[in-house]
Amino acid sequence: MASAATRAAKPGLLLLRRTDATFTAALRARFRIHDFYASGAPLPAFLTAAAAEADPPRAALVLAGGAIQVDAAFLDAVPSLGCVVTTGAGVDHVDLAQCARRGVVVACAGEIFSVDVADHAVGLLIGVLRRVAAADRYVRAGLWPAQGNYPLTTKLSGKRVGIIGLGSIGSRIAKRLQAFGCAISYHSRAPKASVPYRYFPDVHALAADSDALIVACALNDATRRIVGRRVLDALGPEGVLVNIARGGNVDEQELVLALQDGRIAGAGLDVFQNEPHVPPELGDMDNVVLTAHEAVFTEESAADLRELMIGNLEAFFSGKPLLTPVLSRP
């Protein structure tokens, strides 16, 4: 058993996400863990208690897209923090300006999830177009012998696909869909000279020129509800929406109405506005495929994430550059 001196020698870490046994053991072997979810305390009380220790934690490992926001109040509660490591590629839950003001460095998951999310996006698109989940339910319900073949669906090959956000994930989605013979167009902050795809400076125009629209952008002030009623109407009654970015990128209420009214043909959704809560109307629609914000999670990505998160934390505590920095020391 480790002595009190050995335990005290480990640097303190706020653990603000649930971890499996393997990840937990790896963290405890290296750091002195303050586990929020194991504490049972409200977040303010948990942070206050951690900050009051003689050797308060200097880093935090935070779940991306969760309920915990690393904002001014959070940072004020634990002024000893010098590093925030988030387990997602996006940092919409971290106030970077407040971190910069306090000299807090920030690291994210980088491109760890890009391959898996791109695969999932294509899977959702195929699932919606071919009604895979609905056809599965049809067979399981015994309707095939009673009612005959499942109704015809539509193919992916040759479809015009618009991608909002051609970053690490969006570019991988584009490459995969090229293999299906799809015509790729995209919208981003600026055109990218290195890609052969058609660029649209306006999302409405991109949607009007697409059979399917895939949301793959970061969530920020410019992209919040970037897909609303006007864009959905431009996509049209034969169009399909896929969202593997953030729930806030889509006006969820307008999406539900567009699906109910038949103003778009279907949707594949991995992310939602108020996770884990999903509008109940979506669950009743055979033209909608739903997954539980799981595009990033595979056995392989989980192992890669453990290694990267620990690597970023060890780099911070040893005074080395972060492996996947979002905000570095000046």
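This report describes the overall form of a predicted protein model and then several of its residues.

## Basis of the model

The structure is a predicted model, in which local features need pLDDT of at least 70 and side-chain atom pairs count only at pLDDT 80 or more, while totals for chains, interfaces and linings use all residues. Residues are numbered from 1 along each chain as its sequence is written, and side-chain values use heavy atoms, with hydrogens and water left out.

## Overall form

The protein contains 15 helices and 13 strands, where helices (H or I, at least four residues) and strands (E, at least two) are DSSP runs numbered from the N terminus. Its C-alpha atoms fill a box of roughly 70 × 50 × 35 Å along the principal axes.

Among contacts (heavy atoms within 4.5 Å) between residues at least 6 apart in sequence, 61% join residues at least 24 apart.

## Surface and charge

The protein exposes about 15,800 Å², and carbon and sulfur atoms supply 54% of that area; accessible areas come from the Shrake-Rupley method with a 1.4 Å probe, and for residues only the protein chains shown count as cover. The mean positions of the 32 positive and 33 negative charges are 5 Å apart. Here Lys and Arg count as positive and Asp and Glu as negative, with His and the chain ends not counted, and each charge is placed at NZ of Lys, CZ of Arg, CG of Asp or CD of Glu.

## Cysteines

A search of the whole structure finds zero disulfides, a disulfide being a pair of cysteine sulfur atoms within 2.5 Å. For cysteine 99, the closest cysteine sulfur is that of cysteine 83 at 9.5 Å, too far for a bond, and cysteine 99 counts as buried because its relative accessibility is 0%. For cysteine 182, the closest cysteine sulfur belongs to cysteine 217 and lies 20 Å away, again too far for a bond; cysteine 182 is buried at a relative accessible area of 8%.

## Two residues and their contacts

Leucine 327 belongs to strand β13 (residues 325-327). Although 230 residues separate leucine 327 from alanine 97 in sequence, their C-alpha atoms are 9.6 Å apart. Not counting residues up to four places away in sequence, leucine 327 touches several residues, among them Leu96, Cys99 and Ala100.

Phenylalanine 46 sits in helix α4 (residues 43-51) and is buried, with a relative accessible area of 8%. Beyond its neighbours within four places in sequence, the contacts of phenylalanine 46 include Leu14, Leu16 and Phe36. Phenylalanine 46 and alanine 205, 159 residues apart in sequence, have C-alpha atoms 48 Å apart.

## Backbone features in loops

A cis peptide bond, with omega about 5°, joins glutamate 275 to proline 276, and proline 276 is placed in the loop between β11 (266-269) and α14 (280-283).

Arginine 225, which is not a glycine, has a positive phi of about 55°; this arginine 225 lies in the loop between β9 (212-215) and α12 (229-235) and is partly exposed at 45% relative accessibility. Histidine 293, likewise not a glycine, has a positive phi of about 45°; histidine 293 is found in the loop between β12 (288-290) and α15 (299-317) and is buried, with a relative accessible area of 18%.

Notes
Buried < 20%, exposed > 50% of the residue type's maximum accessible area, 1.4 Å probe, protein only.
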